[in-house]
There are 2 protein chains.
Amino acid sequence: MDNKEISQAVIGRLPRYFRYLGELKDEGIERISSQELSDIMKVTASQIRQDFNNFGGFGQQGYGYKVEYLYEEIGKILGLNKSHNLIIIGAGNLGQALANYMNFERRGFLFKGIFDNDPALYGRKIRSLEIQPMEEMETFVRVNEIDIAVLTIPKTEAVGVAERLVQAGIRGIWNFAHVDLNVPKDIQVENVHLSDSLMKLTYNISRFENGD
Amino acid sequence: MDNKEISQAVIGRLPRYFRYLGELKDEGIERISSQELSDIMKVTASQIRQDFNNFGGFGQQGYGYKVEYLYEEIGKILGLNKSHNLIIIGAGNLGQALANYMNFERRGFLFKGIFDNDPALYGRKIRSLEIQPMEEMETFVRVNEIDIAVLTIPKTEAVGVAERLVQAGIRGIWNFAHVDLNVPKDIQVENVHLSDSLMKLTYNISRFENGD
DNA sequence: AAGGGAATGTCAATGAATTGACATTATTTT
DNA sequence: AAAATAATGTCAATTCATTGACATTCCCTT
């Protein structure tokens, strides 16, 4: 593998390529050119080739790309060839919704535990997982080799919990709390700031109303 | 107002400024310089000034920015001075979680209805809102002046429902379905593709493991 | 009231990302 | 087997975004 740094702009596009290629594969399509993919995905063919070439050539000149092979390779790049153990911190509405969402499991994301600090919830089951007290979080992470913690707790608690998770050896945090976490740079954080997303939407709506 | 196009890169940063300024305001801090904000937010002071200047000068030379004023102005830019009427399409786990999330209401996002096509759910209440059949969606949008539809339905249904919403006069779609919607360009779409986000996280985790 | 200090607003320079162009190479056809 | 075709891989050009530098302007103190 080439070890030059890949820009996050490129990484951000990989899941979308992966999704479209998966759909093409399911439709039984075996090969595709960057131009055809360009038409479907509404991005330039040049960008597609440029993006893929960051990881070495996946295609064959004069032929195009083999859909299944390309799909598999992008999956590997995204780390989807291995399974990942996750825990959810915060058994509120959002935490429960994510725990119940089956599609993640199909991609190798395995929910191993769910934690909360409300005693009223302890022992309650969500899809075969019992809600556990937060005190047991660290031990659980170590014993069960948890890679990823999903933070669905209020922002006031999030920073402290993140620190504890880092101490316990977590590798990545999927952060739904509306706060920026400050963790060592070898710990990956992916933020999902829903209200930020909603504000972008209202900006674009009102911008359009004001005749732009 | 200046009507030159503002890049989405800038727009994407506005909610974060807004959040930090809100916190500063709550702490009773009245003024701040781009350099101080830079230290807190870990972005360059130059970028902060450049970003704000897209909308005309908010600051005073030699003094800095008035926190409250800046907060209000960015709120206006983001369209948060008006309230927005929303409906949720899809009363599954995620739809219910969003309906129950109180913080949106505080910012003027008013959930007016929730729809599903499962008759077993009709009439069931989520926070004072009865789940309604999807057939009533279009009429409801028109009668209640709904701006924004939140799509929390499977991707197979999402494209068709989006078209119906556009016909009914929706202004924006907050799309949680894992599919790209194809709508007229005067209709705004903001995608929240959770699995894409999770894949970015696993990419960064595995990239780090492979000693990059 | 005037001068010094401080921080903005803005211009220029740099850096990053995207697009365009084309030589190269594999495939397919004759 | 050779020529024609097709589409990649890659280089160069362009566009866009970020950073740096500084003159200008405003506040605040004396």
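Author: This is a predicted model. A place to begin is B:Phe52, which has 1% relative accessibility.

Reader: Why is B:Phe52 called buried?

Author: Buried means under 20% relative accessible area. B:Phe52 is at 1%, so B:Phe52 counts as buried. B:Tyr17, also with a relative accessible area of 1%, is buried by that cut-off.

Reader: What makes the pair of B:Tyr17 and B:Phe52 edge-to-face?

Author: The ring centres are 5.0 Å apart, and a pair needs them within 6.5 Å. The planes stand at 65 degrees; over 60 counts as edge-to-face, so that is the label for this pair.

Reader: Which parts does this pair tie together?

Author: B:Tyr17 lies in helix α1 (residues 8-26) of chain B and B:Phe52 in helix α3 (residues 45-53) of chain B, so the parts tied together are 35 residues apart in sequence.

Reader: Why is A:Tyr101 called partly exposed?

Author: Partly exposed covers the range between buried, under 20%, and exposed, over 50%. A:Tyr101 has 38% relative accessibility, so A:Tyr101 falls in that range. A:Phe104, at 2%, counts as buried.

Reader: How do you know that B:Arg31 sits over the ring of B:Tyr63?

Author: The charged end of B:Arg31 is 4.3 Å from the ring centre of B:Tyr63. The distance limit is within 6 Å, and CZ of Arg must also be within 35 degrees of the ring normal. B:Arg31 is listed as sitting over the ring. In chain A, A:Arg31 lies over the face of A:Tyr63, at 4.3 Å from the ring centre.

Conventions. Residues are numbered from 1 along each chain as its sequence is written. Chains are lettered from A and ligands numbered from 1 in the order in which they are written. This is a predicted model: local features need pLDDT of at least 70, side-chain atom pairs count only at pLDDT 80 or more; totals for chains, interfaces and linings use all residues. Side-chain values use heavy atoms; hydrogens and water are left out. Buried means under 20% relative accessible area, exposed over 50%, partly exposed in between (1.4 Å probe, protein chains only). Rings of Phe, Tyr and Trp (its six-membered ring) pair if their centres lie within 6.5 Å; planes under 30 degrees apart count as stacked, over 60 as edge-to-face and the rest as tilted. Helices (H or I, at least four residues) and strands (E, at least two) are DSSP runs, numbered from the N terminus.
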